[in-house]
Amino acid sequence: MQEKEPQEPPKKPRRAPAPAERKLDPERSRRLLLDAAMDEFAEKGYAGARVQDIADRAGLNKQLISYYFGGKEGLYRELHRQWLRREEEDIVDPAAPLDELIVRYLRETFADPRATRLNLWKGLTGGALEEPREDLSALRRRQADGELAEDLDPAAAMLLFISLVSAPVALPHAVRQLFGLDPDSPEFREHYAEQLRRIVRHLAQQRDPR
């Protein structure tokens, strides 16, 4: 008698992914690509970052960069849009004093220095965007309210604020030389934030003691 070959158990039908699951994968892929792009741009600048390196860092096919963003420039533009949304939702508060507002930017830089590094690269090698002139109307309103001395140019004040916020990332060696502290240490960060507050307050219009 011939032995019957053992029969394989019937295969279970493949479950079709639920709509939420189908939606999750593209969103996760976009997040991975954006995060990887921010890392690459922060390390190498826009000009030095390669699409293949971004995809490799994300663990995804580089074709997805074109599919989701239209290429490297699209990634860069989306990161810029993300920053503007975060700035509006989490940082800028017209009711906050000027010194508090500047310290918020500083703490954001401490928490994630990549955007500052990217901005430094933009100054050195250029970027993908032709950006409009900075809108200084909010700072001019603060100046009218006395938070900035009337004889100061708001453009110069804004450049000073950007420099103060960027300095610990741009010049970590200077931080060590001048303060004797590591720029990533809690001691330096708290001390520098307090000093920045005082500097900004000293730029305010001096009130007539009479």
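Student: How are α5 and α10 oriented to each other in this predicted model?

Tutor: Start with the two axes: those of α5 (residues 98-111) and α10 (residues 186-202) come within 9 Å and cross at roughly 150°. Angles over 145 degrees count as roughly antiparallel. The relation of α5 to α10 is therefore roughly antiparallel.

Student: Which residues of α10 make the contact with α5?

Tutor: Let's take both sides of the contact. From α5 come Leu98, Asp99, Glu100, Ile102, Val103, Leu106, Arg107 and Phe110. Facing them, the α10 residues are Phe188, Arg189, Glu190, Tyr192, Ala193, Leu196, Arg197, Val200 and Arg201.

Student: By class, how many residues in the contact of α5 with α10 are charged?

Tutor: Sorting that contact by class gives ten nonpolar residues and no polar ones. The charged residues in the contact of α5 with α10 number seven.

Student: Why does leucine 196 count as buried?

Tutor: Leucine 196 sits in helix α10. It touches Ile102, Val103, Leu106 and Leu164, once neighbours within four places in sequence are left aside. Buried means under 20% relative accessible area. Leucine 196 is buried because its relative accessible area is 2%.

Student: How many Å apart in space are leucine 196 and glutamate 100, C-alpha to C-alpha?

Tutor: Along the sequence, leucine 196 and glutamate 100 are 96 residues apart. In space, their C-alpha to C-alpha distance is 9.5 Å.

Student: Let's look at α5 by itself. How many of its 14 residues are buried?

Tutor: Helix α5 reaches 20 Å from its first C-alpha to its last, close to the 20 Å expected at 1.5 Å a residue. Its buried residues are Leu98, Asp99, Leu101, Ile102, Val103, Tyr105, Leu106, Glu108, Thr109 and Phe110. That leaves α5 mostly covered, and the number of buried residues is ten.

Student: Is α4 oblique or roughly parallel to α5?

Tutor: The axes of α4 and α5 come within 11 Å and cross at roughly 130°. The crossing is right-handed. Given that angle, α4 is therefore, relative to α5, oblique.

Student: Which residues of α5 make the contact with α4?

Tutor: On the α4 side, the contact is made by Trp83, Arg86, Glu87 and Ile91. By class, this contact of α4 with α5 has four nonpolar, no polar and four charged residues. The residues on the α5 side are Leu101, Arg104, Tyr105 and Glu108.

Student: Is glutamate 108 buried or exposed?

Tutor: Glutamate 108 lies in helix α5. Not counting residues up to four places away in sequence, it touches Trp83, Arg86 and Ile91. Its relative accessibility is 15%, so glutamate 108 counts as buried.

Student: Stepping back, what percentage of the residues of the protein chain count as buried?

Tutor: The protein chain has ten helices and zero strands. Among its contacts with a separation of 6 or more, 60% are between residues 24 or more positions apart. Of its 210 residues, the share that counts as buried is 34%.

Definitions and conventions:
Residues are numbered from 1 along each chain as its sequence is written. This is a predicted model: local features need pLDDT of at least 70, side-chain atom pairs count only at pLDDT 80 or more; totals for chains, interfaces and linings use all residues. Side-chain values use heavy atoms; hydrogens and water are left out. Axes are lines fitted to C-alpha atoms, for helices over the stretch in contact, and angles run from 0 to 180 degrees between N-to-C directions. Helices (H or I, at least four residues) and strands (E, at least two) are DSSP runs, numbered from the N terminus. Angles under 35 degrees count as roughly parallel, over 145 as roughly antiparallel, 65 to 115 as roughly perpendicular and the rest as oblique. Contact means heavy atoms within 4.5 Å. Ala, Val, Leu, Ile, Met, Phe, Trp, Tyr, Cys and Pro count as nonpolar, Asp, Glu, Lys and Arg as charged, and the others, Gly among them, as polar. The expected span of a helix is 1.5 Å times one less than its number of residues. Buried means under 20% relative accessible area, exposed over 50%, partly exposed in between (1.4 Å probe, protein chains only). A crossing is left-handed if the near helix is turned anticlockwise from the far one by less than a right angle, and right-handed if clockwise.
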